[in-house]
Amino acid sequence: MINDQYGSDFGDLILQFVAMVISKKIRGCDIVTRKGQQFRVALIDCDAKAGIMKAQEISKRINRQAFGSGQDDEVKIAVTIGIATYDHNMTLPQLREKAFCAMKHGKDAGCRNCVSVYGKSGDYQIVFKPS
């Protein structure tokens with residue numbers, strides 16, 4: 001959507017900003033990857049509560065930033081974050097899928113700016129919407 005409206009150079013600037021925010025908010029042992037417009041963050045030895053707090057920090061920081069588009073308007077970006085907690089009975093692809101589904105749940109609920117968590121009972125819950 002950003003690339004379509006403002007061009008790929010502007011979209012790249014946004015991706016670089018998001019990557020910088022994430023890298024400043026995580027620890028050296030954590031892992032970040034990117035697939036297209038989605039970033040994946042693995043927080044090592046981190047429970048759901050700490051993961052939610054970290055996601056809130058990232059979301060709040062990204063939300064505060066406005067970008068000049070060069071088209072006489074200010075662009076603010078929104079992030080929808082999905083969280084799943086690893087348990088020893090799941091594979092890594094299953095963990096990624098649960099986090100992806102949590103993120104999709106937030107978007108499908110009309111929440112462009114939220115943190116959604118995959119629960120142990122197989123449900124999804126939106127746990128954070130910035131004010």
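Visitor: Where is the place of D45?
Guide: This is a predicted model, in which local features need pLDDT of at least 70 and side-chain atom pairs count only at pLDDT 80 or more, while totals for chains, interfaces and linings use all residues. Residues are numbered from 1 along each chain as its sequence is written, and side-chain values use heavy atoms, with hydrogens and water left out. Helices (H or I, at least four residues) and strands (E, at least two) are DSSP runs, numbered from the N terminus. By that naming, D45 sits in the loop between β2 and α3.

Visitor: Is D45 buried or exposed?
Guide: Buried means under 20% relative accessible area, exposed over 50%, and partly exposed in between (1.4 Å probe, protein chains only). D45 has 78% relative accessibility, so it counts as exposed.

Visitor: And what is the phi of D45?
Guide: Most residues other than glycine have a negative phi. D45 is not a glycine, yet its phi is positive, at about 50°.

Visitor: Now to a helix: how far apart are the end C-alpha atoms of α2?
Guide: The expected span of a helix is 1.5 Å times one less than its number of residues. Helix α2 (residues 8-25) has 18 residues, so it should span 26 Å. The model agrees, with its end C-alpha atoms apart by 26 Å.

Visitor: Where on α2 are the buried residues F10, G11, I14, L15, F17, V18, V21 and I22?
Guide: In α2, F10, G11, I14, L15, F17, V18, V21 and I22 are buried. They cover an arc of only 160° around the axis (the arc is that of the directions from the helix axis to the C-beta atoms), so they share one side of α2. D9, Q16 and K24 are exposed on the other side.

Visitor: What covers the buried residues of α2?
Guide: Contact here means heavy atoms within 4.5 Å. The cover includes both helices and strands, among them α1 (2-6), β1 (31-35), β2 (38-42), α3 (48-64), β3 (66-68) and β4 (74-76).

Visitor: In what order do the three strands of the open sheet lie?
Guide: Two strands pair if DSSP finds at least two bridges between them. The edge strands, each pairing on one side only, are β5 (80-83) and β7 (124-128). With mixed pairing, the order is β5-β6-β7.

Visitor: Which residue is the bridge partner of G82 in β6?
Guide: β5 and β6 run parallel and are joined by four bridges. Within β6, G82 has as its bridge partner S116.

Visitor: How many of the residues of β6 are buried?
Guide: Both faces of this strand are covered: C114, S116 and Y118 are buried on one side, V115 and V117 on the other. β6 is largely enclosed by the rest of the structure, because its buried residues number five of the five.

Visitor: With which side chain does the side chain of S116 make a polar contact?
Guide: S116 lies in strand β6 (residues 114-118) and counts as buried because its relative accessibility is 0%. A polar contact is a pair of N or O atoms within 3.5 Å; within protein, one must be able to donate a hydrogen and the other to accept it, and residues adjacent in sequence count only if both atoms are side-chain atoms. At 3.2 Å, the partner of the S116 side chain is the side chain of H105.

Visitor: At what angle to β5 does helix α4 run?
Guide: Axes are lines fitted to C-alpha atoms, for helices over the stretch in contact, and angles run from 0 to 180 degrees between N-to-C directions. Helix α4 (residues 92-108) lies across β5, β6 and β7, and its angle to β5 is about 140°.

Visitor: Which strands do the buried residues of α4 pack against?
Guide: In α4, L95, A102, M103 and G106 are buried. They fall within an arc of 95° seen down the axis, so they line one face of the helix. K107 and D108 are exposed on the other side. The buried residues of α4 pack against β2, β5, β6 and β7.
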